[in-house]
Amino acid sequence: MPVVGIVGGGQLARMTAQAAVSLAVEVRVLAAPGEESAAPWVTARGATGTLGEDGFLDGVDVLTFDHELVDPARVEAAELRGVVVRPGSATLRFADKAHQRERLAAAGIPVPPFAVLQSAAGAGALAAAHGGWPVVLKAARGGYDGRGVAVVADEAAAAAFAGSRTVVVEPLLPLERELAVLVARRPGGEAVVYPPVQTLQVDGICHELVAPAPVGADLADAAAALALRVADLCGAVGILAVELFVVDGRLLVNEVAPRPHNSGHHTIEHAATSQFENHLRAVLDWPLGATTPRTPAAAMVNVLGNGDVDPRDRLPAALARGPASVHLYAKGPRAGRKLGHVTALGDDPAEVRGRARRVAAALSGAA
C-alpha cells in the first residue's frame with residue numbers, strides 16, 4: 001500500500017484522504033502546531049509538528065500539500081534527503097506572488113499590469129499609469145482567502161497595508177467575470193484539464209461557482225490551453241488551479257495555486273474523477289482519470305461561518321431543502337470561516353445554483 005504524506009490538516013487534506021480510501025492509499029497528515037485539523041476525522045494517521053522536525057517523513061512514499069504556505073527551505077531539505085516531494089520546491093515557489101507574476105510575465109503569459117515593490121513606495125506611479133487610484137495590493141507571501149489583499153485608495157492606505165513587506169501592486173481592473181481551470185499533471189508532463197468554471201468572489205473569498213462556465217467555446221478552449229501552459233511553466237505535479245480574469249474579452253492569469261482548490265470541490269460529484277483522486281494519482285505517477293462532467297450543470301456554494309451557528313446542528317433541516325451533496329469540514333464556527341460546501345447537479349445552471357444556495361443558507365443560519 002503506498003503511503004502519501006500531506007502537510008496541512010485542513011479540509012483539502014480531509015477530502016484527499018476520503019478519496020484515498022477507495023484507492024487503498026494510506027494517508028498521513030501533518031498539521032501545524034495549534035492548527036484545528038479537519039483531516040484526522042477521516043484518517044487514523046495524523047501528527048502535529050513542523051516538517052523535518054520529527055519522524056513524519058519516515059515511511060512516506062511521496063509528500064504533498066494541503067496548502068502552499070510552507071517554508072521552502074524545509075521542503076528543499078526533504079528533497080535533499082531523498083524524499084519524493086510533489087509538487088516540488090520549484091513549483092511551490094509560485095506561491096510567492098511576486099515570483100509568480102515575474103515568471104509568468106517573462107514567459108509571455110498574460111497577466112494584469114503589475115509592479116513588485118519592497119514597500120508601498122511606487123504604488124502611486126502604477127496608479128498614475130493605469131487610471132489612478134484605487135489599486136490592488138497583494139502581499140507577496142502569506143495571503144489566503146482574501147487575507148493579504150487590499151484595495152487601497154491612496155498612498156497612505158497603501159503604506160499602512162504594506163508596511164515593510166514585499167507587495168505586488170496592480171490596477172483595479174473592470175472584470176467581466178472570473179474563471180478557474182484545474183489541471184492534473186503527472187511528473188512526465190501528461191495532463192488532463194477540467195472544464196473551466198465561473199467563480200463568484202466576495203472580499204477575496206470564493207462564495208460559489210457554476211460549472212461549466214457560461215462562456216463561449218472559444219474562450220473556454222483558450223482558458224484550458226492557457227492553464228496547460230501555466231502548468232508546464234510551473235512544472236506542476238498534482239492539481240494546479242489557475243484563476244483567471246476576463247477583461248475586455250481577454251484572459252489574464254490572476255493567481256496560481258499548486259494544490260487541490262476550492263474551485264474544484266464540485267468535481268467530487270460532477271466529474272468522472274474528482275480533483276482529489278486525480279491529485280493522488282498524479283503525485284503517485286499513476287494514470288490520470290477522466291474529467292468528463294456527469295451532468296450538464298453543477299453549482300457549488302461554500303458554507304461560511306455565521307457567528308456561532310454550527311452547521312452540524314442544522315444538517316437535518318438543510319437536507320430537506322432539496323437534493324444536494326453536503327460536505328461539512330468538522331471545523332468550529334467562526335464568522336467568515338469556510339465550514340463546508342454544498343454541490344447540486346442538474347440540467348439547468350440557474351436551477352442548480354438556486355438549490356445549492358438554499359441548502360447552504362439553511363446550514364449557515366442565513367435562512
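Residues are numbered from 1 along each chain as its sequence is written, and side-chain values use heavy atoms, with hydrogens and water left out. Because the model is predicted, local features need pLDDT of at least 70 and side-chain atom pairs count only at pLDDT 80 or more, while totals for chains, interfaces and linings use all residues.

Helices (H or I, at least four residues) and strands (E, at least two) are DSSP runs, numbered from the N terminus. Eight of the nine residues of helix 9 are buried, so this helix is largely enclosed by the rest of the structure. Here buried means under 20% relative accessible area, exposed means over 50%, and partly exposed lies in between (1.4 Å probe, protein chains only). The buried residues are Gln 275, Phe 276, Glu 277, Asn 278, His 279, Leu 280, Ala 282 and Val 283.

Helix 9 (residues 275-283) packs with helix 1 (residues 11-22), the two axes coming within 8 Å and crossing at roughly 75 degrees. Helix 1 is therefore roughly perpendicular to helix 9. Axes are lines fitted to C-alpha atoms, for helices over the stretch in contact, and angles run from 0 to 180 degrees between N-to-C directions. Angles under 35 degrees count as roughly parallel, over 145 as roughly antiparallel, 65 to 115 as roughly perpendicular and the rest as oblique. On the helix 1 side, Leu 12, Met 15, Thr 16, Ala 19 and Ala 20 meet Phe 276, Glu 277 and Leu 280 of helix 9, where contact means heavy atoms within 4.5 Å. Sorted by class, this contact has six nonpolar residues, one polar and one charged. In that scheme Ala, Val, Leu, Ile, Met, Phe, Trp, Tyr, Cys and Pro count as nonpolar, Asp, Glu, Lys and Arg as charged, and the others, Gly among them, as polar. Ser 22, also in helix 1, is exposed at 69% relative accessibility. The C-alpha atoms of Ser 22 and Glu 277 are 9.0 Å apart in space, although 255 residues separate the two in sequence.

The loop between helix 9 and strand 15 (297-304) includes Thr 291. With 13% relative accessibility, Thr 291 counts as buried. A polar atom of its side chain lies 2.9 Å from the backbone oxygen of Val 193. Leaving aside residues up to four places away in sequence, Thr 291 touches Val 192, Val 193, Tyr 194, Pro 195, Ala 271, Ala 272 and Asn 278.

Attention now turns to the nonpolar cores. Such a core is a set of buried Ala, Val, Leu, Ile, Met, Phe, Trp, Tyr and Cys residues joined through side-chain atoms within 4.5 Å. The largest one has 22 residues, and those with the most contacts inside it are Val 230, Leu 244 and Val 253. Two or more residues each come from strand 9 (177-185), helix 7 (217-234), strand 13 (238-247) and strand 14 (250-257). Helix 7 gives the most, with six residues. Not counting residues up to four places away in sequence, Val 253 touches Arg 101, Leu 104, Ile 109, Pro 110, Val 111, Pro 112, Leu 226, Val 230, Val 242, Glu 243 and Leu 244. A second, separate core of 17 residues includes Val 4, Ala 20, Val 25 and Val 29.

Most residues other than glycine have a negative phi, and most peptide bonds are trans. A cis peptide bond joins Arg 86 to Pro 87, with omega about 0 degrees; Pro 87 sits in the loop between helix 2 (72-80) and helix 3 (89-92). The bond from Ala 211 to Pro 212 is also cis, with omega near -5 degrees, and Pro 212 is in the loop between strand 12 (205-211) and helix 7. Asp 248, in the loop between strand 13 and strand 14, has a positive phi near 55 degrees. Its relative accessible area of 64% makes Asp 248 exposed. Just after helix 9, Asp 285 takes a positive phi of about 60 degrees. At 32% relative accessibility, Asp 285 counts as partly exposed.

Finally, Gly 354 is found in helix 11 (residues 349-364) and is partly exposed at 21% relative accessibility. Its C-alpha atom is separated by 8.9 Å from that of Ala 344, ten residues apart along the chain.

Methods: A polar contact is a pair of N or O atoms within 3.5 Å; within protein, one must be able to donate a hydrogen and the other to accept it, and residues adjacent in sequence count only if both atoms are side-chain atoms.
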